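Please open the model in your viewer and keep the sequence panel beside it. The tour below moves from one selection to the next and says what is there.

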Amino acid sequence: MQEKFIERGTEYQLEHGKLMVYETNCSCRDVKFYFEQNVLTIMRSGHKSILTDSLTFEFFPGTFYIPERECIHTVHIPNATFHNPTACLVLELDPNFLHQFHEEISISEGEGACLYNGPTEGDNKHFFSNDRAIIENFCRLYDHLRVNQSRSNQLIATLIIKELLLRVFQTEGLYLLRQNFGTRVREKSIQKSISYIKSHLQSKITVEQLARVSGLGMTTFYKKFKSSTDYSPIDFIQRERINLSKVMIAKRQYGLKEIAYRCGFNSYEYFCSSFKKLEQVKPSDFKKRQASTV
């Protein structure tokens with residue numbers, strides 16, 4: 001007897017996230033999906049009709065799609081059969097991994113020349129691409145994970161994911177994935193200010209600027225930011241700059257004074273005192289420790 005199922009999920013665990021494969025072997029309507037963060041998806045086989053409050057979309061193989069987050073997606077699957085099932089791949093990645101890889105690229109040779117910095121059409125909530133390289137890269141990840149889940153295969157999977165992300169970072173999809181850096185903060189106005197901080201660490205950032213970005217008054221912004229992150233805006237900025245400096249130290253491209261400048265600190269002395277306060281070690285000792293582990 002043939003088994004009938006609607007949106008059966010198979011999960012492949014990754015070092016920095018998971019890949020879900022949603023399969024359907026019968027026609028169905030009104031299947032609901034909800035994503036808390038921006039995920040990466042493609043149709044491996046078959047076809048789905050996707051409806052949201054802002055979108056009606058026919059999802060076929062050959063299209064890469066980042067769905068709108070925190071939104072109900074209603075899915076219709078009209079043509080799936082047991083002998084012709086649909087298969088949709090959904091890649092969900094740890095926001096910290098996304099953020100760290102983004103920072104590695106932005107401080108690499110060429111100062112982030114690999115990152116998309118062109119115009120975007122308004123406040124986009126989703127992203128589509130028919131880039132063949134992105135599709136092939138995504139399928140290669142799936143095919144690789146199907147073989148086995150050994151430690152060596154996990155390392156290779158991480159490299160494939162980084163290649164996929166680099167290709168997406170060269171498109172407008174970068175703007176959506178950047179939003180994931182602050183997904184643990186539920187307040188949208190504060191998410192906007194956090195995204196601004198992470199994109200402008202090398203520049204001077206004031207609380208007044210952040211309040212304007214959030215669309216809130218100064219007093220309301222400060223209170224909401226503190227309750228959402230457990231840090232004041234100034235302390236949060238300092239922590240983000242120290243985190244960026246740690247990534248730069250690990251890459252061993254620049255001296256400590258250059259790193260201090262590139263991370264937005266006004267002086268090397270202030271950078272050193274801030275680093276030691278947060279990390280309980282001098283940046284020079286942290287650098288030696290990193291060198292000894294290579």
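This is a predicted model: local features need pLDDT of at least 70, side-chain atom pairs count only at pLDDT 80 or more; totals for chains, interfaces and linings use all residues.

Residues are numbered from 1 along each chain as its sequence is written, and side-chain values use heavy atoms, with hydrogens and water left out.

Begin with the open sheet whose six strands come in the order 1-2-9-4-7-10 with antiparallel pairing; helices (H or I, at least four residues) and strands (E, at least two) are DSSP runs numbered from the N terminus, and two strands pair if DSSP finds at least two bridges between them. Strand 1 and strand 10 (127-129) stand at the edges with a single partner strand each, so one side of each is left without a neighbour in the sheet. Neighbouring strands here are turned by 20° against each other on average, direction ignored; for such angles, axes are lines fitted to C-alpha atoms, for helices over the stretch in contact, and the angles run from 0 to 180 degrees between N-to-C directions. Next select strand 2 and strand 9 (residues 86-93), which run antiparallel and are joined by eight bridges, and look for Gly17, whose bridge partner in strand 9 is Leu93.

**Helices across these strands**

Helix 3 lies across strand 1, strand 4, strand 7 and strand 9, running at about 105° to strand 1.

**The nonpolar cores**

Which residues have the most contacts inside the largest nonpolar core? Select Leu19, Leu40, Phe64, Leu91, Phe138 and Leu165, which hold that place in a core of 35 residues; a nonpolar core is a set of buried Ala, Val, Leu, Ile, Met, Phe, Trp, Tyr and Cys residues joined through side-chain atoms within 4.5 Å. Centre the view on Leu91, which touches Leu14, Lys18, Leu19, Val39, Leu40, Phe138, Leu141 and Leu164, not counting residues up to four places away in sequence; contact means heavy atoms within 4.5 Å. A second, separate core has 28 residues, and Val207, Phe225, Ile242 and Tyr254 are among them. In soluble globular proteins, nonpolar side chains tend to be buried together.

**Salt bridges**

The whole structure contains 10 salt bridges, a salt bridge being a side-chain nitrogen of Lys or Arg within 4 Å of a carboxyl oxygen of Asp or Glu. Select Arg8 and Glu23, whose side chains meet at 3.3 Å, N to O; this pair links distant parts of the chain, with Arg8 in strand 1 (residues 8-14) and Glu23 in strand 2 (residues 17-24), 15 residues apart.

Go on to Glu163 and Arg167, which form a salt bridge at 3.1 Å, N to O. These two are four residues apart in helix 3 (residues 151-169), and therefore separated by about one helical turn. Glu163 is partly exposed at 28% relative accessibility, and Arg167 is partly exposed at 31%; buried means under 20% relative accessible area, exposed over 50%, and partly exposed in between, with a 1.4 Å probe and protein chains only.

Is the pair Lys198 and Glu240 buried or exposed? Lys198 counts as buried at 11% relative accessibility, and Glu240 counts as buried at 9%. The closest N and O atoms of their salt bridge are 2.8 Å apart, and because Lys198 lies in helix 5 (residues 188-199) and Glu240 in helix 8 (residues 233-251), the pair ties together parts that are 42 residues apart in sequence. Select also Arg44, Asp143 and Arg146, which are joined into one network by salt bridges that share partners.

Turn to the open sheet of four strands, which has the order 3-8-5-6 and antiparallel pairing. Its edge strands are strand 3 and strand 6 (55-59), each pairing on one side only. Strand 3 pairs with strand 8 (residues 72-77) over five bridges, and Lys32 stands opposite Thr74 in strand 8.

Stay in strand 3 (residues 28-34) to find Asp30, which has a positive phi of about 60° although it is not a glycine. Finish at Gln280, in the loop between helix 10 (268-279) and helix 11 (283-293); Gln280 has a positive phi of about 60° and is not a glycine, and counts as exposed at 64% relative accessibility.
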